[in-house]
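Please keep the sequence and the three-dimensional view at hand while reading.

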Amino acid sequence: MATTDINFPARAEAASPATAKLRLGSLTALVVGSMVGSGVFSLPQNMAAGAGPLAILIGWAITAVGMLALVFVYQSLAVRRPELDAGPYAYAKAGFGPFIGFNSAWGYWISAWVGNVSYAVVVFSALSYFFPAFGDGNTWQAVLGASILLWAIHFLILAGIRQAAVVNTLVTVAKIAPVVLFVGVVAVAFRLKVWSLDFTGLGNASLGTIAAQVKSTMLVTLWVFIGIEGASVFSARAERRKDIATATVLGFFTCLGLYALVSLLSLGILSQPDLAALKNPSMAGVLEAVVGPWGAVLINVALVVSVVGAFLSWTLLAAEIPHVAGKDGTMPRFFGHESERGVPSTSLLITNLLVQAFLVITLFAQSTYQALFYIASAAILVPYIFSGAFAAKLAMTGESYESGERRSGPLFAGVLATIYGLWLVYAAGPAYLFMCAILYAPGIVFYVWARREANQRAFNPVEALIAVALVAVAILAAYEMWTGAVRAL
């Protein structure tokens, strides 16, 4: 999960067709830029925390197959249903009704702003290399600094500040160049003896079985691929719709190669227990072990520059999701309010108030970067699962297909992407699913609000059952969290 180029169009200045269209190179850069962010800098520790080399290899293989299926889903839907340009939630809404569509939009929004909380935590965790008081990014000094950064970005956006090309270029270089340098240096220093030490991870009883280790990698690999839908989200701006597929595939394999190399090569520098004990951004600790302190300085500085840029871009994106949903009736209309400068001021304020609230929670709950991105990853599974299911549904019914056109490929991709999403739900485990239920359940109020504004019935019988089940799970989860907190006192 990383930066993405979001620009709020000024109401008086519509972009000309020539300037609005994105070519293959720009779309590919958008996909790569949407994925490469804070996650890659913490991959060595995040992957090694629960798995050995063999399980990490299997985890990347499963992710490669599952995410590639999702890639084909988004490229297929961009061509089959070109009128659906409002992001992944539009596919869920078109295929499975307004309630599922709303929850996909709500889940995507949750993932975006919780991801921003994780950005704030990891920025100040990196700065603690220079200023130890920031700790793991969840001390009161770190929360204060993150709050100042949050509201500084908020008021910059309200002022109508756009993402300048020069700033974007610097941020992109700051992200990619250190990662490429890291891969090159670590590849030279790689030691097979270290990498093969306890290859299965079974020598460490705390890791569990191979299957348990593989499960532990799933939300980590999902987190670093959030943004794979970047080209599809901006499909309306593509010069040629077929370039969306090419850009998404190119971006996917570029990032897959970088991510896998970062995590696997690190296991040839430090053993699994040593990697698991590193402080994030763990890439800094690995490079420091190879070249000395300047390696840690380089990675920490690069991370701060990268994530501050990502913080800005994903603040824009997190505000844009409920804004667009408010304008098309998926969410209440007040989310669609814009300032005189064309900024979605209401959704921006609500989004950043939620980020601020969670920053304070990290202070008292001592929430870590890893716990936060697990929540963000679990929250985005709903839009991903229903995107795959919608592609499968179109292939089965033949809707949007010409007579005699082959549908087996899109059907297979849709089914595989859906199964992959459901597997990730299982891999996430009950703790993070319960937390997501608590975050999803309040959305029902806003859904009913939006439906009443449109003078439409809130639920059909099936949707009512889903809503009741969601609330019940959320109440149970909240009760378990409360009793657990009381027992801990």
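Predicted model: local features only at pLDDT ≥ 70, side-chain atom pairs only at ≥ 80, totals over all residues.

At 32% relative accessibility, Asp-198 is classed as partly exposed.

**Residues with positive phi**

- Most residues other than glycine have a negative phi.
- Asp-198, although not a glycine, has a positive phi of about 50°.
- Asp-198 lies in the loop between helix H10 (192-196) and helix H11 (210-225).
- Asn-455 is likewise a residue other than glycine with a positive phi, near 55°.
- The loop between helix H21 (443-453) and helix H22 (461-488) holds Asn-455.
- Asn-455 is exposed, because its relative accessible area of 73% is over the 50% cut-off.

**A buried glycine in a loop**

- Gly-342 belongs to the loop that runs between helix H16 (293-327) and helix H17 (345-365).
- With a relative accessible area of 4%, Gly-342 is buried.
- Between Gly-342 and Leu-158 there are 184 residues of separation in sequence, while their C-alpha atoms are 9.0 Å apart in space.

**Cysteines**

- Zero disulfides are found when the whole structure is searched.
- Cys-255 is buried, with 0% relative accessible area.
- Cys-436 is also buried, with a relative accessible area of 5%.

**The largest nonpolar core**

- In soluble globular proteins, nonpolar side chains tend to be buried together.
- The largest nonpolar core here has 140 residues.
- The members that touch the most other members of this core are Val-40, Leu-43, Trp-60, Trp-113, Phe-225 and Tyr-259.
- Helix H7 contributes the most to the core, with 19 residues.
- Leaving aside residues up to four places away in sequence, Val-40 touches Val-179, Val-224, Tyr-259, Val-262 and Met-283.

**The packing of H7 with H19**

- Helix H7 (residues 98-127) packs with helix H19 (residues 381-397) at an angle of about 135°, and their axes are 7 Å apart.
- H7 is therefore oblique to H19, since angles over 145 degrees would be needed to count as roughly antiparallel and 65 to 115 degrees as roughly perpendicular.
- On the H7 side, the contact is made by Ile-100, Asn-103, Ser-104 and Tyr-108.
- On the H19 side, these residues meet Val-382, Pro-383 and Phe-386.
- The residues of this contact comprise five nonpolar, two polar and no charged.

Note on methods
Residues numbered from 1 in each chain as written. Heavy atoms only, no water. Axes fitted to C-alpha atoms, helices over the stretch in contact; angles between N-to-C directions. Helix = DSSP H or I, 4+ residues; strand = E, 2+ residues; numbered from the N terminus. Parallel < 35°, antiparallel > 145°, perpendicular 65-115°, else oblique. Contact = heavy atoms within 4.5 Å. Nonpolar A, V, L, I, M, F, W, Y, C, P; charged D, E, K, R; others polar. Core = buried A, V, L, I, M, F, W, Y, C linked by side-chain atoms within 4.5 Å. Buried < 20%, exposed > 50% of the residue type's maximum accessible area, 1.4 Å probe, protein only. Disulfide = S-S within 2.5 Å.
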